[in-house]
Structures are given as C-alpha cells and as structure tokens.
Amino acid sequence: MNPAKRRTVIAGNWKMNFTPAEATEFINTIKPMVAGKDNCDVIFCAPYVTIAAAMEAAKGSNIKIGAENVHFAPKGAYTGEVSAEMLKAIGVEVVIIGHSERRQYFGETDETVNLRTKAALEAGLRVILCLGEVKEQRLSGITNEVVAMQTKLDLAGISAEQLKNVVIAYEPVWAIGTGLTATPEQAQETCAVIRGVLADMYGADVAETVTIQYGGSMNEKNAAELLAKPDVDGGLIGGASLVPEKFTAIVDAAQ
Ligand code: PEP
C-alpha cells in the first residue's frame with residue numbers, strides 16, 4: 001500500500017450470511033475492536049435485509065455498511081433487484097459490483113458490471129468493482145490480458161472524476177473461498193497491471209490515486225505480507241470478515 005497517495009480500504013463481504021440480529025451482534029462486538037484504527041476505511045457489505053440493522057449498530061463508529069450488488073435501472077420490472085436510489089435512500093454509501101460469485105452463478109458479464117457501475121456512480125455511491133482471472137486463465141498465462149480487458153470493459157465510459165469513487169478489488173477467482181491465496185508477488189504483479197491499464201485510460205497521475213484491493217482468502221496470517229506490497233491498497237475479505245478477531249487482525253495489519 002502507498003498511504004501517501006491512496007486510502008487503504010479493508011472491506012468485508014458477508015455474502016449470504018447474517019440475519020439482522022446476527023449482524024447487530026457482530027457489529028456490536030467488533031466496534032470497539034476497530035475503534036480508532038483510522039489508517040484505513042473499515043466497511044462491511046451486507047445482504048440487503050441486513051443493511052439497516054448493521055447500520056444502526058454501526059452508528060457513531062468508524063464502520064461503514066455497504067451493499068453487495070445494485071441494479072442498473074432506476075426502477076421498474078426487475079423482480080428481486082434493488083436500485084441505486086433505493087440504497088441511497090436508506091443511507092448506503094458503498095456497493096460491491098461484479099463479484100465473481102455474481103459473474104459465476106448469476107450471469108453477470110462485463111457489460112452488466114459496467115451498467116451497474118455507471119448507475120451506482122451516477123447515484124453518488126462508491127463502488128468496489130471486482131475483477132480477476134479464473135484458474136484456467138492463470139494456468140494458461142493469460143492473467144494480465146484477462147484483467148486488462150475486464151478493467152477496460154468494466155470502466156468503459158466512466159470519467160476520471162467518477163473514478164474517484166471507484167475502488168478496484170483484484171480477486172483471482174481460484175483464491176476466493178478456497179483457502180488458496182495469491183502470493184504477495186502475484187497480487188502485486190496483477191494489481192500493478194491493473195494500475196497500468198488505468199494509467200493508459202486516465203493518465204498516470206489519476207491511476208496513482210486509485211485504491212486497488214486484493215481479495216481471495218485474505219486472513220489474519222497473510223494480510224500483512226499482501227498489504228506490504230506497493231500496489232495492494234487493501235483487502236476485500238469474505239470468510240475472515242465473519243469472525244471479529246480475524247477481521248480486526250487484518251485492520252491492524254493495515255495500520
Ligand atoms: C470475497 O468474497 O470477495 C472473498 C475474497 O472471499 P474469501 O476471503 O472467503 O476468499
């Protein structure tokens with residue numbers, strides 16, 4: 001991480017975990033554990049029905065609660081979806097878009113990721129934009145090309161001004177929820193490739209200001225080494241974000 005140029009962001013992705021009551025208990029437990037640790041943003045992205053309870057519990061703390069997805073249309077016949085305005089209306093400030101589980105199981109494509117990102121930014125939300133290669137792509141040696149293409153397609157039509165509200169989460173799909181972690185060198189190399197693409201798209205000065213997280217089985221043991229890399233500016237954390245001690249240890253590693 002390079003705190004002189006970029007804000008470090010440690011974000012939990014709760015996925016389909018925690019009822020409102022469980023989220024309240026979790027936030028009440030972790031609140032004092034992360035209090036005052038202000039060298040990074042501390043965010044938990046929650047299932048829609050859990051957001052309000054988590055926000056209530058997080059009031060007055062340094063914890064922000066986000067959503068895990070958002071639709072690109074402002075309203076209409078999209079059963080089961082939630083719009084950016086709806087999220088804004090309940091006080092949400094940040095949303096994950098393009099998570100690999102959305103891409104894998106729910107037909108998310110770079111095109112829909114781009115549409116969702118535009119809608120979220122236009123509504124004034126901050127976006128954690130996820131991208132990353134699958135195992136076969138890494139094994140075939142095309143990781144750099146894959147993440148470069150995703151970066152270009154996912155950010156197509158997004159201005160440098162809007163990019164200020166985008167955090168990119170580099171998440172190798174083979175490392176998510178598997179216990180396999182990219183080595184710090186692999187994470188650094190790929191985050192640097194993404195930053196290089198941002199430099200081509202927006203200029204080097206803008207690219208230097210974009211927070212790029214690593215995600216994929218980040219935990220209390222490997223966080224310090226990953227976060228020590230110059231282009232790794234935080235973490236998007238699944239499994240370890242459900243355990244207060246583990247998540248706090250990652251926040252500590254970012255101080
Ligand atoms: C994620 O859900 O974005 C993630 C990285 O999960 P995990 O930490 O469990 O691999």
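In this predicted model, a polar side-chain atom of Glu171 lies 2.7 Å from an oxygen atom of the ligand, a polar contact being a pair of N or O atoms within 3.5 Å (within protein, one must be able to donate a hydrogen and the other to accept it, and residues adjacent in sequence count only if both atoms are side-chain atoms). For Asn13, a polar side-chain atom is found 3.1 Å from an oxygen atom of the ligand. Gly177 takes part through its backbone, with a polar atom 2.6 Å from an oxygen atom of the ligand. The ligand on its own has 290 Å² of accessible area, and the protein covers 96% of it; such areas come from the Shrake-Rupley method with a 1.4 Å probe, and for residues only the protein chains shown count as cover. Residues are numbered from 1 along each chain as its sequence is written, and side-chain values use heavy atoms, with hydrogens and water left out. As the model is predicted, local features need pLDDT of at least 70 and side-chain atom pairs count only at pLDDT 80 or more, while totals for chains, interfaces and linings use all residues.

The shell around the ligand holds 14 residues, of which Lys15, Glu171, Gly177, Ser217 and Gly238 come nearest; a residue belongs here if one of its heavy atoms lies within 4 Å of the molecule. By class, this shell has 4 nonpolar, 8 polar and 2 charged residues, where Ala, Val, Leu, Ile, Met, Phe, Trp, Tyr, Cys and Pro count as nonpolar, Asp, Glu, Lys and Arg as charged, and the others, Gly among them, as polar.

Where does the ligand sit? The space it takes is the second largest pocket, on the rule that more than half of its atoms lie within 2 Å of the grid points. A pocket is an open set of points on a 1 Å grid over the protein atoms alone, with protein on both sides within 12 Å along at least five of seven lines; in a cavity, a 1.4 Å probe fits but cannot get out, and lining residues have an atom within 4 Å of a point. The second largest pocket has about 220 Å³ of space, and among its 18 lining residues Ser217, Met218, Gly238, Gly239 and Ala240 lie nearest its centre. Ser217 also has a positive phi of about 55° although it is not a glycine, and its place is in the loop between β7 (212-215) and α11 (223-227).

The largest pocket holds about 430 Å³, a volume being the space filled by probe spheres set on grid points joined across faces, edges and corners. Lys15, Met16, Glu68, Arg102 and Phe106 lie nearest its centre among 16 lining residues, which divide into 7 nonpolar, 4 polar and 5 charged. The largest share of this lining, 3 residues, comes from α4; helices (H or I, at least four residues) and strands (E, at least two) are DSSP runs numbered from the N terminus.

Finally, the count comes to 1 cavity of 30 Å³ or more, and the largest cavity has a volume of about 40 Å³. Glu171 belongs to its lining, along with residues including His99, Arg103 and Gln150.
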